Amino acid sequence: MKLDEALHIDLGEIDHTLRTIVESDPSLSPDSDIRKHVLRLIAAGGKRLRPMMVIVGSRFGKPGSHYKNSVLRAAALLEYVHTASLIHDDIIDQSELRRGVPTLHAATDVRSAVFTANYMMARAIEWASADASEEDQSEMAATRIPALASIVTELCLGEYGQLLDRFNFKLSIEAYMDKTRRKTALLMAHCLRAGAEAAYANPYIGDKLFAFGEALGMAFQIRDDVLDLAESNLALGKPTGADLRNGIITLPVLYAMEDPDLARKLLLLSQQSSESDMDEVIRLIKESGAVDRASSIADTFTLQARELAVCLRDYPASQDLLRLTDYFTG
């Protein structure tokens, strides 16, 4: 069963809201390239994991359909921010495909892609603020929207930090964890709390959901780093060790650096390294035990997420948190 079906969420409703953001912008003509690019990205589909997390978070708030619009606003805003961050990621990583479809910069050009991503971030925040109901406007404008807008800063800092630290094998584990938290975990945490706040949940519950999302995000990203080295080319749909080949320093690599012999080989790698040199180092990392050590850290964060879900067992939606945990870490 698909995640949206297991969570009883209508993805069509989410996509309709996503289209509304750009279609309701009076500053864009129907033949605007930016409008076409955004609609193309929406039509390309996606798992809509972040909007679904917002909706799950809302289930911990007050019951009632009159909160639905506020929840969908938060969900759409966060999906726009996430999509824009992927556009930037693809440009930096020079990725030509995403989910088997040409990335925006590959289909158009880098300048158009950057403009589109920047527009999506700015427009989503503008739309969410302006479209709030009169009853909800003051609180949403004063607290929720600025808090969600701050995510853009965190994403940019995380991505910029990763860019600066390419092939920096002396990166500390603390710096890696901070980058991972900014780039992945905080967005998931904000999604859950934003949904809860939009449905006027108890602030204590919102904080618990935030902590759950942060732990889940850390587990997900570290597990993704592990799979990048542990899985075969066929299973990944990309070269094994693609992160390392691009100079991205992940937790298994940092653990491998603790082996003096392996560290010497890693320090010789650069953007100019041959495929055979990369292949050899990746093989040695897989044989070193570093992948298993990183996997155990992911398991620790997964356990934290499950424990937080259990703390919320008085809410029926706690089962949805466990479903999310199974999906992201299973």
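# Exercises on burial, fold and salt bridges

In this predicted model, 49% of the 330 residues of the protein chain count as buried.

**Exercise 1.** State what the accessible surface comes to and how the charged side chains are placed.

*Solution.* 
- Step 1. The accessible surface of the protein chain is about 15,600 Å², and carbon and sulfur atoms hold 52% of that area.
- Step 2. There are 36 positive and 48 negative side chains.
- Step 3. The centres of these two sets lie 1 Å apart.

**Exercise 2.** Locate the salt bridge between Arg-48 and Asp-15 and decide whether its partners are buried or exposed.

*Solution.* 
- Step 1. The structure holds 18 salt bridges. In this one, the N to O distance is 2.7 Å.
- Step 2. Arg-48 sits in the loop between helix 3 (33–43) and helix 4 (49–58), while Asp-15 belongs to helix 2 (residues 11–23). The two are 33 residues apart, and the pair links distant parts of the chain.
- Step 3. Arg-48 and Asp-15 are both buried.

**Exercise 3.** Work out how Arg-123 and Glu-126 are placed in their helix, and classify each by accessibility.

*Solution.* 
- Step 1. The two side chains form a salt bridge at 2.9 Å, N to O.
- Step 2. Both residues lie in helix 7 (residues 110–130); because they are 3 residues apart, about one helical turn separates them.
- Step 3. Buried means under 20% relative accessible area. Arg-123 has 7% relative accessibility, so this residue counts as buried.
- Step 4. Glu-126 has a relative accessible area of 46% and is therefore partly exposed.

**Exercise 4.** Find which helices the salt bridge between Glu-275 and Arg-245 links, then name the residues joined into one salt-bridge network.

*Solution.* 
- Step 1. Glu-275 and Arg-245 meet at 2.9 Å, N to O.
- Step 2. Glu-275 is in helix 15 (residues 275–288) and Arg-245 is in helix 12 (residues 242–245), 30 residues apart.
- Step 3. Exposed means over 50%. At 52% relative accessibility, Glu-275 counts as exposed.
- Step 4. Salt bridges with shared partners join Asp-15, Arg-48 and Glu-79 into one network.

How values were computed
Residues numbered from 1 in each chain as written. Predicted model: local features only at pLDDT ≥ 70, side-chain atom pairs only at ≥ 80, totals over all residues. Heavy atoms only, no water. Buried < 20%, exposed > 50% of the residue type's maximum accessible area, 1.4 Å probe, protein only. Areas by Shrake-Rupley, 256 points an atom, 1.4 Å probe, with all protein chains shown as cover. Lys, Arg positive; Asp, Glu negative; His and termini not counted. Charge placed at Lys NZ, Arg CZ, Asp CG, Glu CD. Salt bridge = Lys/Arg side-chain N within 4 Å of Asp/Glu carboxyl O. Helix = DSSP H or I, 4+ residues; strand = E, 2+ residues; numbered from the N terminus.
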